[in-house]
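Welcome, and please get your viewer ready. We will go from stop to stop, selecting a few residues each time and looking at what is there.

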Amino acid sequence: MRLFLRTYKTLMSKEYSHRDIEKKWQKYWIDNQTYKTKEDKERPKFYVLDMFPYPSGAGLHVGHPLGYIASDIYSRYKRLKGFNVLHPMGYDAFGLPAEQYAIQTGQHPAITTKENIKRYREQLDQIGFCYDWSREVKTSDPEYYKWTQWIFLKLFHSWYNPISQKAESIETLINHLEKNGCSGAGDQFLSGNVETEIPKLEPGVWKTLSEKEQQDFLMHFRLAYLAESFVNWCPALGTVLANDEVKDGVSERGGYPVERKLMMQWSLRITVYAERLLNDLDQLDWTESLKDSQRNWIGKSTGASVFFPLKDSTKKIEVFTTRPDTLYGVSYLTLAPEHEWVAEITSAEQKQAVEEYVAFAKNRSERERMADVKKVSGVFSGAFAIHPLTGKEIPVWIGDYVLAGYGTGAVMAVPAHDSRDFAFARHFNLPILQVIETPSSHDLNEASWDEKSGKLINSDFLNGLEVKEAISAMIHHLEAKGFGKGKTNYRLRDAIFGRQRYWGEPIPIYYKDGIACPLKEEELPLLLPEIDKYLPTETGEPPLGRAKDWKYQGKYEYELSTMPGWAGSSWYFLRYMDPGNPTALASEEALKYWQQVDLYLGGSEHATGHLLYVRFWTKFLFDLGLIPVNEPAKKLINQGMIQGMSEKLKKLEPSRSKLYNVVGQTNEKGDLVDSYYELLIDGKQYKFSSRPSDLFISENALHYFESEKPEFTASNVDISFVEKAVVNVPGFSQAHHYENAIFLTAGGFWYKGDFTSFGNGQSEEMISYQEVEKMSKSKYNVVTPDSIVDHYGADTLRLYEMFLGPLEQSKPWSTQGIEGVHRFLKRLWRLFYDADGNWIVNDNQPEKAELKSLHKTIRKVGEDIENFSFNTSVSTFMICVNELMDLKCNKRAILKDLVVVVSPYAPHIAEELWQALGEQGSVTEANFPVFNPEFLVEDSFSYPISINGKHRTNIEFSLNADPKEVEKTVLKDEIVIKWLEGKAPKKVIFVKGKIVNVVI
C-alpha cells in the first residue's frame, strides 16, 4: 500500500481531472482488494444487497445504477461507522433473451451471457461501486446451480406438516401413512385444510401398494411435485411462462400470444406457506405499500364452500364464496372457461358456441381478465344446477371473469350485490335478486350494492340479520344440512417450476418405469448437455430432447424441462455468504455470522413474484434447520424508476391525408397507368415517382392539417439524432430505414436525404416533441452511463442521480442540472488547490463559523443516509462548500472530515484528496466524523436594525449583550445615523434575539 502511495503521486493540476483520478483509484481498489470482506466477530456485521441483475446485451442505461448508487452510499457509510459490511454482486444469468438470441443465431447462450456479463462488469466498475467481487456468483455456473438443484431435491424429499406447521422429511409422512393411512381430502392432519385431491388409504394398506402407487400418492404432498396444471403456454416461445411474464395476453418478451393450457408440470407447493408468508410480513421493516402488494397477491379470504347439485347428474359444483349471506340471491352459476367439467356438462345445442368461447378465452391471461372489468363476455352451457336451499333450477354459464386458479373455478352469481355479476346479468338479461336492504338513495337498476352492510331480506331464516351475523348463521346452516362448510381460501397458487427451454438449470429427475426418481445429492450437478439447436424437437419435446446419449446410467430418460428463471434468484443471498464452498450451500459459520440481509434494494416490479419465492425458499430451508433465519431481509426499499425523455414525431399514412394523392389514368382493366404521387402544400404540387412509405410532420408544420384534422399516430425518434428538439433527418432516416418517408417541415420537406423548400421563408428544421416514458431500446430513449462518466466523471453521475429526487420516486432523466453538480466537485477541489494547482491546505486552528458549517453537514448527511434521503445530502454538500469558500477556509482539520463525509457519494475525488492530505490507506478505512452539537450553539445574533419599522441594516451582538450597550452601538452606526437624518430618536425597542427598532 505504501509502495502504491509512492508510485502514484498526487495529481497536481490546475483543473480537477476526473478521468485520471477515477482510473487511478479504480485500479487501486482492485489491486488492493479494498472491498474484500471476511467474517470479523470483533465488529458488528451489516449485509447490503442489490436485487440480482439480468445481464442483457444492451448493458446498463442511466436508470439501472440508481439503486446501486444508493446501496453503495449506504455500504460505504456503514463501513465508516465501524460495521463489517458485506456488499456483493452477481448475475441472474439464465434467461429467455439469451436463448432467443441462440435460436436466431445458433450461438450458445453461455457465450452470449458471458459477453453480456463482461459488458455489465465494465460499466459497474467505471461507476466505482464497493462490491466484493471475490464473492461474485452467476446462476448459470454449474458450481452455483449444483446447489439450486440440491434445494430442489430437498423440496422433493419434503412435505408440509400442518400440525407442526413446518416442512419435514417425507419419511415422517410415510411413517404416518404406514400406521394410520389417510381419510381423503378431508383429512385435517395431512391436508391442513389445504385443497388437495388425495384419495383415501386404509390403515395398514401402504406397504401393500406398488412402488408406483406409493410414489403417485406422495406426489399429493411433496413440496416439489409433478401434476397436471393450468399454465401460461406460449406456442411461439415453446415454453410455459410465469404470470409476471405475461402482459395483456402476450409474452412480455417478444409480444407473442399466450394461452391457458393443461399440462403435466413440475410445481412447488408454496400454497402451504400462505399463512406464514402473510403473517410474517408484520415483523418486517418494509413499506406498507410493498407489504400490501404481497398481501393482495396471497389474497386470503374467509367464507364458505357451497355445493350446487347438477340437474340430472350425480355431480355437484363446488363454489367458494366470501358472501354466503347472499346465497338466496343467487340467480345463476358461472364456470371458468378452463373448468374441468365444461365440456362434460355442455348441452349438444350449446356445444359449438361453448367451444368457440373457450378457444377465445384461452388467449387472455388471468391478469388481463382480472383487470378488464368493462368488457363482458360469456356463453350459456345449456346445463342447470339446483339451488341447495330453494330447490330451484338455475342456469350454468361460462364466463372468463371467473378464474380457474382461484377458489374452485366456479362462482355463485349474486348480481344485486356484486358488480361483475351485475354487469354479466345486465348484459345477458339474467335475474337480479335483492337480498340486502339498500339506502333509499341507491338504485339497484343502475348498480349493485356491494357493501358488506345492511339487513338481510328475501332470505328466509336470515331476514332481519345484519350481514356479519348472517354470514356466520349461513355457514352454520350449510354445515348442519351438509350443503357446504366454512373455509379459508387464498388467491396464491402453487408455483409452476418447469420451462420447456434449454437455458436453465436441469431438473435433477429421471424416469424409471413411469416413476419420477431423484438423483442422489452426490451426483450433482446435473449439467446442461450440448444440443445442435435450441428449438423443441420435431416431435414437440423440449430442446433438451435433442441431447444425444443424455440418459441416467445410460438408460433412463432425464426430465426434459428446465427450472424457471427465478429458481437461482430465490436463494442467492445465501450463496454470497460463502460462494466458494464446494461441500455446502454455505458454511454454518458464515450463515450464523451474516444471518440475513440488513438492507435489500431493488425495483418494485419484484414486489410479488421474486420476493414471495425467496421468502418461501428461506422459510423452507429454515424449517429443515439448514439456515438460521426465517426471512431473507430485515429492511427492503424499492427505488423509483429513472424514466426516459422520448423524442417523438407525429405520423400519418400518406394516403390518409387530403394533402397527399395518387394521380394517374386508368386503362381498360382499371389499372393505373402513368401514375405518380403528389403532395399539395399551399396550392403547390410536389411529385414523387414512387410511393412514400410514411409522412412525418414537424411540430411547426401542423398548421397544414388544420382543416382536415386527421388522427396522427406518435412515432419515437432515436434521441441520438435529436438535439434541442431538432431532428437530424438524413441520419435518422438512414439509420432506421425511413429513406422512403416524407419529413414535412414548416418550410419544405425531406425525402431520400434531400430537402425541398416551399420557398415561404419558413424553417427547414424538423421539430420533435417530448414525452416521459419508460427508458427502453424500443422507444429509442436510452441514455447509457458511459458517455456521462467519460464527460463528467463517475462521481458526478453518482451525485447527480441522487440529486434528481427522492430515491423511492420515479423521475425523468435530464442532464439539465448535471453541469451544476460537476461544478460543485470543481469547487470542492478548489478548497485544496488554487487555480495554479498549488496546494493551499494549512494547519491553522479552525474558527467557529467553519466548525459550524462542517458539523451542520456531518449531522445532516448522517441523518439523510440513515433515512435514505440522499438527494438532500447533495444540496447540503453544496451549501457547505460554498460557505467554506466564502470563509476562505483551507484548514486541514475542517477539510479532512469533509472528505470523509463526502466519500460515500463521491469516492474517487475523496480518495484523491485523502491521499493528498497525507493520510495512509483508503478513505474507506477512516471513521465517520462525530457530530458535536456544541458547534451549532449560537452565542451571538445578527440583529436586523429597523428605522420606524423599515429594515436598514444588520449588526451582530452577543446573545447576552446589555440592552443599553446595544442601543449605544446602534445609534453610533453610520448607516443608522444616515437614516436618522439628524433627528433624535423617540425610543429604541430591543427584542432579545429578534430585532432592534429605532422610532423617530
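## A cavity, then some salt bridges

Start by selecting helix α3 (65-80) and helix α27 (907-916): each of them supplies at least two residues to the lining of the second largest cavity. Keep in mind throughout that this is a predicted model.

**Stop 1: the cavity lining.** Now select R76, L80, S903, P904, P907, E911, V923 and T924, the residues that line the second largest cavity. How is this lining made up by class? It has 4 nonpolar, 2 polar and 2 charged residues. The space they line has a volume of about 50 Å³. Counting cavities of 30 Å³ or more, the structure has 3. If you wonder how empty space is found, rolling a probe the size of a water molecule over the atoms shows where it is left.

**Stop 2: a salt bridge within one helix.** The next stops are about salt bridges, and the structure holds 43 of them. Select K212 and D216, whose side chains meet in a salt bridge with an N to O distance of 2.9 Å. Where do these two residues sit? Both belong to helix α9 (residues 211-218), and because they are 4 residues apart there, about one helical turn separates them. K212 is partly exposed, at 34% relative accessibility, and D216 is partly exposed too, with a relative accessible area of 38%.

**Stop 3: a helix and a strand.** Select E275 and K300 next, a salt bridge in which the closest N and O atoms are 2.8 Å apart. E275 is in helix α10 (residues 274-279) while K300 is in strand β13 (residues 300-309), so this pair ties together parts that lie 25 residues apart in sequence. E275 has a relative accessible area of 24% and is partly exposed. K300 is partly exposed as well, at 39%.

**Stop 4: a helix and a loop.** Now pick K619 and D280, where a salt bridge joins the side chains at 2.5 Å, N to O. K619 lies in helix α19 (residues 609-623) and D280 in the loop between α10 and β12 (285-286), so the parts tied together here are 339 residues apart in sequence. Are these two residues buried or exposed? Both K619 and D280 are buried.

Notes
Residues numbered from 1 in each chain as written. Predicted model: local features only at pLDDT ≥ 70, side-chain atom pairs only at ≥ 80, totals over all residues. Heavy atoms only, no water. Salt bridge = Lys/Arg side-chain N within 4 Å of Asp/Glu carboxyl O. Buried < 20%, exposed > 50% of the residue type's maximum accessible area, 1.4 Å probe, protein only. 1 Å grid on protein atoms, 1.4 Å probe; cavity = no way out; pocket = protein on both sides within 12 Å on 5 of 7 lines; lining within 4 Å. Points joined across faces, edges and corners; volume = space filled by probe spheres on them. Nonpolar A, V, L, I, M, F, W, Y, C, P; charged D, E, K, R; others polar.
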